[in-house]
Amino acid sequence: MTTAEKPTTDTRPHALLRAGFPYLTTIGMRRVTWFPVDVAVGQEGRVYTLDRTQGAGGYIRRINWDDEDLGSFGGGELAWPSSFVVDEDENFWITDESKNQVIVIDGEGTLIKSWGEQGSGDSQFDRPGGITFDNDGNVLVSDAVNGRIQRYTRDGELLQTIGSQGSGDGELDSPSGVAVDERGDIYVGDWGNHRVAHFSADGAFKQNMGTHGTGDGQLDRPMGLCVDSDGDIYVADQGNSRVVQFDQNGRYVYKFTGNSTLSKMGRRYIETSPRVLRIREMGKMEELEVLRSPRSCLMDSENRLLIPDFGSHRIQVYKKEAYPLTELEIAPVMETVDLYTV
């Protein structure tokens with residue numbers, strides 16, 4: 001399943017038996033997946049990262065689940081890429097916050113189309129961030145400085161503006177990531193307000209999730225986010241260097257802080273350098289595992305959560321383990337939680 005494909009029916013269970021969310025693997029490495037800001041999954045086991053260079057510029061890197069580097073493309077079209085999504089033809093829809101454009105390229109890096117210019121009017125952007133498709137195949141783009149989400153046809157025709165600048169319900173402050181669930185609901189990483197804003201499919205405000213802070217369920221500069229078929233929401237909590245998980249009601253569930261081991265390509269590289277080997281041997285292992293300023297996340301069709309580890313130039317991957325429950329298999333919601341049973 002590509003990033004663009006989403007379930008067309010409501011498949012959510014009544015409740016979940018959550019068994020865990022174990023760390024699975026790490027792919028990518030420094031100088032290959034350089035400063036990854038986003039990740040997408042294509043066909044035939046292909047994984048794509050949207051990477052930034054140390055100066056201005058960026059590119060898309062193609063790797064696979066065997067952690068093999070399959071080359072990069074798109075660098076000639078990108079100035080400062082923010083986010084991307086892959087369509088059913090494996091074309092790449094990219095926001096570029098320097099060009100203030102949506103840019104579409106194919107798998108060879110050839111430009112297909114682009115639209116946008118700097119401004120605050122219709123079909124204008126000021127530092128566009130997240131991008132995704134809604135369930136009708138239209139394009140949703142977060143327009144950070146203008147404090148709004150814009151919905152377009154794939155030909156670049158503006159259909160709708162959602163949200164406005166501010167901190168009240170339904171208002172946004174420097175929105176970053178944007179995601180859509182199988183019901184069509186829209187979720188926004190409300191960066192400046194330190195929360196997730198949840199809208200209905202038609203753009204009506206529903207709820208906010210999270211408050212500013214470092215505690216459980218709190219956020220600091222949230223960016224990209226994703227939603228799985230159970231309705232769980234995952235938020236790249238950039239300021240706290242973690243990914244935070246909420247359930248569909250906005251209840252805090254879990255946080256991912258990093259469990260990385262060496263990727264295959266990382267191990268091959270380090271083993272060829274005695275100096276790097278010695279530096280690593282002298283280090284603290286827990287410092288090598290953690291996430292550093294993640295900016296996005298992706299849940300794929302295999303229930304694998306992919307987290308681009310921006311500051312460590314790699315992708316950390318987890319595998320969700322949860323079992324659906326019907327209404328008859330679980331007690332009604334309790335007013336207070338107590339694990340003691342008679």
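Contact means heavy atoms within 4.5 Å. Helices (H or I, at least four residues) and strands (E, at least two) are DSSP runs, numbered from the N terminus. This is a predicted model, in which local features need pLDDT of at least 70, side-chain atom pairs count only at pLDDT 80 or more, and totals for chains, interfaces and linings use all residues. Residues are numbered from 1 along each chain as its sequence is written, and side-chain values use heavy atoms, with hydrogens and water left out.

**Helices H1 and H2**

- In H1, the residues Tyr269, Ile270 and Glu271 meet Val276, Leu277 and Arg280 of H2.
- The residues of this contact between H1 and H2 divide into four nonpolar, no polar and two charged; Ala, Val, Leu, Ile, Met, Phe, Trp, Tyr, Cys and Pro count as nonpolar, Asp, Glu, Lys and Arg as charged, and the others, Gly among them, as polar.
- Helix H1 (residues 264-271) and helix H2 (residues 274-281) pack at an angle of about 115 degrees, and their axes are 7 Å apart. Axes are lines fitted to C-alpha atoms, for helices over the stretch in contact, and angles run from 0 to 180 degrees between N-to-C directions.
- That angle makes H1 roughly perpendicular to H2, a label for 65 to 115 degrees; angles under 35 degrees count as roughly parallel, over 145 as roughly antiparallel and the rest as oblique.

**Burial in H1**

- Met265, Gly266 and Ile270 are the buried residues of H1. Buried means under 20% relative accessible area, exposed over 50%, and partly exposed in between (1.4 Å probe, protein chains only).
- These residues lie on the same side of H1, because they cover an arc of only 130 degrees around the axis. The arc is that of the directions from the helix axis to the C-beta atoms.
- The cover over the buried residues of H1 includes strand S5 (58-64), strand S6 (69-73) and H2.

**Cysteines**

- A disulfide is a covalent bond between the sulfur atoms of two cysteines. Here the term is applied to a pair of cysteine sulfur atoms within 2.5 Å.
- The structure holds zero disulfides. For Cys226, the closest cysteine sulfur is in Cys297, at 3.2 Å, and this is too far for a bond.
- Cys226 is buried, with a relative accessible area of 6%, and Cys297 is buried, also with 6%.

**Residues with positive phi**

- Glu90 is not a glycine, although its phi is positive, at about 60 degrees. It sits in the loop between strand S7 (81-86) and strand S8 (92-96) and counts as buried, at 9% relative accessibility.
- Asn303, again not a glycine, has a positive phi of about 60 degrees. Its place is the loop between strand S27 (298-299) and strand S28 (304-309), and at 28% relative accessibility Asn303 counts as partly exposed.

- Tyr152 belongs to strand S13 (residues 148-152) and is buried, at 0% relative accessibility.
- Not counting residues up to four places away in sequence, the residues that Tyr152 touches include Trp115, Phe125, Val139 and Leu158.
- Tyr152 and Tyr254 are 102 residues apart along the chain, and their C-alpha atoms are separated by 34 Å.
- Val180 lies in strand S17 (residues 175-180) and counts as buried, at 4% relative accessibility.
- Val180 and Asp134 are 46 residues apart in sequence and 6.0 Å apart in space, C-alpha to C-alpha.
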